[in-house]
Amino acid sequence: MRKWPDLYLPNGYLNMADIIELKYPFTFVTGARRTGKTYGALMYNLDNDIPFLYMRRTQKEINACKTPALSPFTDINIARGCDIQAKSMSADVIGFNDMSRGMKLVAPGIALSTFHNVRGISGSQYRQILYDEFIPEKIARPIKGEFDAWANTYETLNSNREIYGMDPIQFLCLANSNAAANPIFMGLGLVSVLEKIKREHLSFWTDERRGILIVNSENSPISEKKKKTALGKLTSGTDFARMAYDNEYAFDDFSNIESKSLKEYRPLVTVGEITIYKHKSRSEYYITEHRAGSPKIYGSSEREVEAFSRSAGKLRDAYLAGNIYFESYLVKVLFIKYTN
């Protein structure tokens with residue numbers, strides 16, 4: 001059995017060096033705010049001369065890094081006594097340059113939303129893509145085809161390097177625990193895994209075949225200290241506090257999730273991976289991944305989902321009234337997706 005590293009350093013911050021050294025191609029680290037995810041990863045890369053790209057979701061987020069106060073290198077500059085600043089390299093790419101070393105390029109900065117416009121960046125020279133804040137905040141605008149854009153970015157940068165005997169680029173994805181049902185975890189089919197991780201309080205979870213590592217940073221010593229700050233006291237008991245300090249996916253609604261006996265229900269309709277059942281005597285519905293009987297069937301294509309959504313007015317009303325129960329959180333996420 002693999003021996004996992006200590007999750008936290010003696011100073012209470014995340015042990016990002018040992019997490020990166022596990023060398024899983026797709027490494028996801030989620031946790032409370034300001035626990036050392038980005039700082040630890042950047043410091044490791046600089047200390048070990050790791051050639052990497054820095055990525056954010058949108059071009060607006062990447063451009064904001066040119067403001068010193070919003071740069072991910074601000075604390076690094078203080079700790080190392082350097083002067084890393086972000087400057088435009090092209091319309092869609094910025095460069096983080098160490099001005100104290102003759103404008104030495106530390107890393108290019110790219111955005112997921114505009115990477116398809118980028119030309120001239122070859123992945124062969126890089127060993128890591130550091131994707132910061134990959135889980136969008138609740139108020140963030142969605143990116144159309146976000147998972148496909150994520151996968152295509154990796155395919156473009158990783159290219160044929162493995163065919164030529166090189167190691168795959170490590171996609172290191174870091175985020176606060178805003179939502180388990182985010183585009184990347186949904187696209188990879190990991191939402192149910194996140195339920196298991198949270199339920200069993202696992203720190204490390206892997207899929208060896210797929211090269212996935214998920215690090216769940218609960219019980220952070222730094223977060224415990226932050227609960228005693230002014231903001232920690234002000235927001236105690238709120239969704240923000242559960243996300244910021246407790247590593248809870250606070251913006252996900254886990255209500256009405258329970259197992260029901262199908263004997264009390266009759267199949268109504270199947271859409272994509274889920275089947276909707278109606279109770280035989282009550283105005284109540286149950287939704288599961290298990291299909292029985294002969295319900296009307298809609299596929300998961302855009303056209304069929306749209307057709308189902310147009311006919312789902314009563315189901316939307318039942319959901320708002322709290323009269324729908326779900327086998328799992330993933331089923332609930334899919335129902336919401338198919339009825340929006």
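The model shown is predicted.

**The nonpolar cores**

Begin by selecting Phe28, Phe134, Trp150, Phe171, Leu190, Ile214 and Phe308. Within the largest nonpolar core, which has 55 residues, these touch the most other members. Next, colour residues 329-339, which form helix H13; this helix supplies the largest share of the core, namely seven residues. As general background, nonpolar side chains in soluble globular proteins tend to be buried together.

Now centre the view on Phe308. Beyond its neighbours within four places in sequence, Phe308 is in contact with Val269, Val271, Ile276, Tyr298, Leu315, Tyr338 and Thr339.

**The aromatic rings**

Display the side chains of Phe26, Phe28, Tyr131, Phe134, Phe147, Trp150, Tyr154, Phe171 and Phe185, which form one aromatic cluster. In the whole structure, 19 aromatic pairs are found.

For one of these pairs, select Tyr54 and Phe96. The ring centres are 5.5 Å apart and the planes stand at 85 degrees, so the arrangement is edge-to-face. Tyr54 belongs to strand E2 (residues 52-56) and Phe96 to strand E4 (residues 94-98); the pair therefore ties together parts that are 42 residues apart in sequence. Both Tyr54 and Phe96 are buried.

Phe73 is found in the loop between helix H3 (59-64) and helix H4 (74-80), and 23 residues separate it from Phe96 in strand E4. Phe73, like Phe96, is buried.

Ile163 sits in the loop between helix H5 (146-158) and strand E7 (170-176). Is Ile163 buried or exposed? Ile163 has a relative accessible area of 67%, so it is exposed.

**The loop at Asn323**

Proceed to Asn323, in the loop between helix H12 (313-320) and strand E14 (324-326). With a relative accessible area of 31%, Asn323 is partly exposed. Not counting residues up to four places away in sequence, Asn323 touches Asn256, Ser283, Glu284, Tyr285 and Ala318. For a sense of scale, select Asp132 as well: the C-alpha atoms of Asn323 and Asp132 are 38 Å apart, and the two residues are 191 apart in sequence.

**The salt bridges**

The whole structure contains nine salt bridges. In general, side chains of opposite charge can pair when their charged atoms come close.

- Select Glu61 and Arg56, whose side chains meet at 3.4 Å, N to O. Glu61 is partly exposed at 23% relative accessibility, whereas Arg56 is buried at 16%.
- Select Glu200 and Lys196, whose closest N and O atoms are 3.0 Å apart. Both lie in helix H7 (residues 191-200), four residues apart, about one turn of the helix. Glu200 is partly exposed at 40%, and Lys196 is partly exposed at 31%.
- Select Lys260 and Glu258, which form a salt bridge at 3.4 Å, N to O.

Terms used. Residues are numbered from 1 along each chain as its sequence is written. This is a predicted model: local features need pLDDT of at least 70, side-chain atom pairs count only at pLDDT 80 or more; totals for chains, interfaces and linings use all residues. Side-chain values use heavy atoms; hydrogens and water are left out. A nonpolar core is a set of buried Ala, Val, Leu, Ile, Met, Phe, Trp, Tyr and Cys residues joined through side-chain atoms within 4.5 Å. Buried means under 20% relative accessible area, exposed over 50%, partly exposed in between (1.4 Å probe, protein chains only). Helices (H or I, at least four residues) and strands (E, at least two) are DSSP runs, numbered from the N terminus. Contact means heavy atoms within 4.5 Å. Rings of Phe, Tyr and Trp (its six-membered ring) pair if their centres lie within 6.5 Å; planes under 30 degrees apart count as stacked, over 60 as edge-to-face and the rest as tilted. A salt bridge is a side-chain nitrogen of Lys or Arg within 4 Å of a carboxyl oxygen of Asp or Glu.
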